Amino acid sequence: VNPTPVLSITNPAAVCFPLTVNLTAAVVTEGSTLPTGTTLSYWLNADATQELNNPAAIATSGTYYIKAITEEGCFDIEEVVVTINPTPVLSITDPEAVCAPLTVDLTAASVTTGSSLPVGTTLSYWLDADATEELLNPAAVAISGTYYIKATSAADCYDIEAVVVTVNPTPVLSITNPAAVCFPLTVNLTAAAVTEGSTLPTGTTL
């Protein structure tokens with residue numbers, strides 16, 4: 001009476017795409033009773049007629065099967081469930097530049113239009129690419145710079161992408177009315193004294 005293998009299966013931990021799952025890892029069959037000489041094979045169906053070609057790198061969620069067979073042909077076959085959670089894919093369109101004191105709304109739908117976001121995905125906004133410093137006012141960004149949007153699914157899979165904000169400085173005119181003159185004298189409004197004290201960003205024209 002030859003001993004029959006007894007498979008004890010632990011479903012592997014879920015991963016986020018594009019990561020894969022290794023069904024050949026020892027932890028998947030840990031606790032099994034496998035007589036000396038037992039070999040393991042991997043299958044797409046419970047009848048073990050459709051071989052699984054890539055058991056060390058499963059990229060698709062589903063139920064697969066592991067078969068343990070001894071040298072004498074005694075065998076056990078058990079199912080194993082693989083979960084590959086979808087990862088959000090952010091597509092970022094940098095918002096149009098504005099002139100201060102206007103602000104930029106990074107929460108506007110147009111910024112992430114075209115993204116692939118699984119149901120339950122939430123967006124958060126950050127000052128750094130590691131998402132450790134939160135952006136407190138994403139709907140009213142007043143300073144030019146590179147910020148980051150993070151999309152996190154219900155399964156904690158995420159994508160993080162940069163978004164560039166441009167808030168251009170607005171000229172501030174300070175006017176000093178020119179001194180009165182007697183006709184036929186004229187007044188020169190282009191004289192520097194008229195706009196002295198103004199804040200004029202480089203490239204400003206009058």
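This is a predicted model: local features need pLDDT of at least 70, side-chain atom pairs count only at pLDDT 80 or more; totals for chains, interfaces and linings use all residues.
Most peptide bonds are trans, and most residues other than glycine have a negative phi. Ala 48, which is not a glycine, has a positive phi of about 55°; the residue lies in the loop between S2 and S3, and because its relative accessibility is 15%, under the 20% limit, Ala 48 counts as buried. Asp 156, also not a glycine, has a positive phi of about 70° and is placed in the loop between S8 and S9; at 56% relative accessibility, over the 50% limit, Asp 156 therefore counts as exposed.

The loop between strand S1 (15-16) and strand S2 (39-43) also holds Ser 32, a residue whose relative accessible area of 18% is under 20%, so that Ser 32 is classed as buried. Two polar contacts involve the side chain of Ser 32: the backbone nitrogen of Ser 8 is reached at 2.7 Å, and the backbone oxygen of Thr 29 lies 2.7 Å from a polar side-chain atom of Ser 32.

The antiparallel pairing of S2 with S3 extends over 5 bridges, and within it Trp 43 stands opposite Tyr 65 in S3. Strand S3 (residues 62-69) and S4 pair in the antiparallel sense over 8 bridges. Along this pair of strands, Gly 62 is placed opposite Val 82 in S4, Tyr 64 opposite Val 80 in S4, and Ile 69 opposite Phe 75 in S4. S3 and S4 form a hairpin with 5 residues between them, and Gly 73, located in the turn, has a positive phi of about 95°. Phe 75, the residue opposite Ile 69, also has Lys 67 over the face of its ring, at 4.6 Å from the ring centre.

A further open sheet is likewise built of 3 strands with antiparallel pairing, in the order S7-S8-S9. Its edge strands are S7 and strand S9 (158-165), each of which pairs on one side only, and the twist from one strand to the next averages 25°. Strand S8 (residues 145-152) and S9 are paired in the antiparallel sense over 8 bridges, with Tyr 147 standing opposite Val 163 in S9. Lys 150 lies over the face of Tyr 158, at 4.5 Å from the ring centre. A search of the whole structure for aromatic pairs, by contrast, finds 0.

Lys 150 is also among the contacts of Thr 122, which is found in strand S7 (residues 122-126) and which touches Lys 150, Ala 151 and Thr 152 when residues up to four places away in sequence are not counted. The C-alpha atoms of Thr 122 and Ser 153 are separated by 6.4 Å, although these residues are 31 residues apart along the chain. With a relative accessibility of 49%, which falls between the limits of 20% and 50%, Thr 122 is therefore classed as partly exposed.

Methods: Residues are numbered from 1 along each chain as its sequence is written. Side-chain values use heavy atoms; hydrogens and water are left out. Helices (H or I, at least four residues) and strands (E, at least two) are DSSP runs, numbered from the N terminus. Buried means under 20% relative accessible area, exposed over 50%, partly exposed in between (1.4 Å probe, protein chains only). A polar contact is a pair of N or O atoms within 3.5 Å; within protein, one must be able to donate a hydrogen and the other to accept it, and residues adjacent in sequence count only if both atoms are side-chain atoms. Two strands pair if DSSP finds at least two bridges between them. Rings of Phe, Tyr and Trp (its six-membered ring) pair if their centres lie within 6.5 Å; planes under 30 degrees apart count as stacked, over 60 as edge-to-face and the rest as tilted. A charge sits over a ring if NZ of Lys or CZ of Arg is within 6 Å of the ring centre and within 35 degrees of the ring normal. Contact means heavy atoms within 4.5 Å. Axes are lines fitted to C-alpha atoms, for helices over the stretch in contact, and angles run from 0 to 180 degrees between N-to-C directions.
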